[in-house]
Amino acid sequence: MRRRPTTHLIAAGMLGALALTACTPGSTTGTGATDQPSGAVETDPAAMGKVTLTVWDQEVRGGQAAQIEELNKEFQAKYPNITLKRVTRSFDDLKTTLGLALSGNNPPDVFQANNGRPDMGKFVQAGQLLPLDRYAEAYRWTERYPESVRKYSSYSSDGKTFGTGNLYGLPQVGEVVGIYANKAVLAKAGITDMPTTWADFEASLAKVKTAGQLPLVLGNLDKWPAIHVFGTVQAQTTPAEEIRTLGFGQKGGSWTTPENQKAAQTLVDWVDKGYFSPDVNGLGYDPAWQQFSKGTGAYLIAGTWLQADLGKAMGDDVTFVLPPPAGSTPVATGGTGIPWAVSSRTKHPDAAAAYIDFITDEHAMAVLAKTENLPVADTADQKAPSALGQDVFTAFGTAVKDDSLVPYLDYATPTMSDTLGAALQDLLAKKATPQQFLDTVQKDYGDFVAQNG
């Protein structure tokens with residue numbers, strides 16, 4: 001699943017006053033957690049002397065590769081005293097090799113570490129990541145990135161608590177799950193304006209069905225796509241903070257609540273009303289969105305990563321909006337791309353932080369937008385390369401400004417993706433009742449938080 005998961009994030013200026021004392025890398029405690037380094041930080045890369053930074057990234061495709069190649073070139077030109085030794089990995093390769101590299105004799109200085117408990121959480125527990133809070137203060141990252149984004153890269157120092165605590169990384173791109181709409185299909189059903197409330201959205205599903213069209217395209221063969229649909233519905237029935245507690249696998253939450261019951265029942269009701277694609281559990285994710293791109297169905301609940309493909313195929317017929325809210329504020333599943341982190345054993349923590357600052361500053365966000373990526377910061381202020389892209393930028397920016405992003409539900413535990421995916425297949429197939437579905441998910445969540453302490 002795309003983990004992950006965003007407008008207006010704030011452009012921050014560089015600090016004018018520069019401290020001159022170099023810091024030392026963080027030291028690990030007896031429990032594996034990394035202490036916060038102390039002392040002032042150097043924020044002028046030109047004053048850091050000759051430095052070589054080994055950088056691991058997974059920016060290997062299309063616009064991802066284009067943006068990092070351009071930014072690296074600019075960084076090297078501006079700071080010739082700092083040499084970037086870049087190592088590229090596919091996402092899967094990064095996941096399988098980074099842990100070994102961080103425990104070896106020559107860990108990379110800067111690298112991308114996936115947010116969730118199996119990756120970033122594990123590295124924090126092992127004391128392998130440098131807390132970046134001092135740099136967040138020095139570079140004003142707390143203004144550039146609001147809490148709703150920073151929490152996706154935050155853990156307690158022992159790695160047990162996700163979503164709060166020290167900052168261990170910064171992402172470049174954002175993600176949000178919203179609603180793609182085929183305006184031509186809606187027009188045939190007599191719907192000329194996008195629904196602005198959840199009630200209007202559900203009413204439009206009925207109108208589309210009555211008009212003989214498919215209301216919602218969903219291919220759930222891969223199990224995880226329904227997590228996005230359930231998350232979207234749940235966000236209309238359940239308070240955002242309760243979803244965050246569940247999604248971050250924190251203590252104090254419960255799946256077996258009337259609000260979650262209502263969300264699960266809504267999915268069953270939509271099955272009964274014929275709103276979803278036929279044979280929903282037998283249709284793959286890619287064939288499903290490709291059907292939508294060719295004119296099947298009025299709506300597709302999916303993430304912003306489909307922007308380029310759907311825009312290219314559908315042109316002006318497609319738009320993207322946040323889920324119309326049941327309350328006063330839209331709430332949407334979302335998050336960030338893979339954050340950039342620093343090894344706790346780097347010999348050049350200030351240079352590593354300066355590099356991360358450079359690839360996430362206001363100019364970097366413009367480069368990201370130009371290369372058809374969704375910038376995680378200053379999103380609403382960026383110029384998208386297409387009309388659909390601008391819809392996506394606006395939606396993500398609104399979600400971030402309103403602090404209305406809630407995490408992907410599979411972040412919660414090391415096993416939640418499989419548990420929730422299978423349980424949703426059973427719910428959609430009506431092999432499990434809403435209560436049975438919630439009991440299954442609650443057991444996974446409850447067992448984890450009990451042993452996590």
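Helix H8 has a face turned away from its buried side, and that face carries the exposed residues Ala199 and Thr210. Exposed here means over 50% relative accessible area, buried means under 20%, and partly exposed lies in between (1.4 Å probe, protein chains only). This is a predicted model: local features need pLDDT of at least 70, side-chain atom pairs count only at pLDDT 80 or more, and totals for chains, interfaces and linings use all residues. Residues are numbered from 1 along each chain as its sequence is written, and side-chain values use heavy atoms, with hydrogens and water left out.

Stay with H8. Helix H8 spans residues 198–210 and has 13 residues. From its first C-alpha to its last it reaches 19 Å, close to the 18 Å expected at 1.5 Å a residue. That expected span is 1.5 Å times one less than the number of residues. The buried residues of H8 are Trp198, Phe201, Ser204, Leu205 and Val208. They cover an arc of only 110° around the axis, so they sit on the same side of H8. The arc is taken from the directions that run from the helix axis to the C-beta atoms. Helices (H or I, at least four residues) and strands (E, at least two) are DSSP runs, numbered from the N terminus.

Now turn to a sheet. Strands of a sheet pair through backbone hydrogen bonds, either parallel or antiparallel. This sheet is open, has 4 strands in the order E2-E1-E3-E11, and shows mixed pairing. Strand E2 (82–88) and strand E11 (340–342) stand at the edges. Each has a single partner strand, so one side of each is left without a neighbour in the sheet. Neighbouring strands of this sheet are turned by 25° against each other on average, direction ignored. The axes behind such angles are lines fitted to C-alpha atoms, for helices over the stretch in contact, and angles run from 0 to 180 degrees between N-to-C directions. Strand E1 (residues 51–57) pairs with E2 in the parallel sense, over 7 bridges. Two strands pair if DSSP finds at least two bridges between them. Threonine 52 has threonine 83 in E2 as its bridge partner.

Next come the charged pairs. A salt bridge is a side-chain nitrogen of Lys or Arg within 4 Å of a carboxyl oxygen of Asp or Glu. The count by this rule is 9 salt bridges. Glu241, Arg244 and Asp403 are linked in a network of them. Arginine 244 bridges to glutamate 241, with the closest N and O atoms 2.6 Å apart. These two residues are 3 residues apart in helix H10 (residues 240–247), so about one helical turn separates them. Arginine 244 counts as buried, at 5% relative accessibility.

Aspartate 403 also forms a salt bridge with arginine 244, at 3.9 Å between the closest N and O atoms. This pair links distant parts of the chain, 159 residues apart. Aspartate 403 lies in the loop between helix H16 (387–401) and strand E12 (405–406). At 36% relative accessibility, aspartate 403 counts as partly exposed.

Another salt bridge joins lysine 430 and aspartate 272, with the closest N and O atoms 2.7 Å apart. Lysine 430 lies in the loop between helix H17 (416–428) and helix H18 (434–452), and aspartate 272 in helix H11 (residues 258–272), so the pair ties together parts that are 158 residues apart in sequence. Lysine 430 is partly exposed at 47%, and aspartate 272 is partly exposed at 49%.
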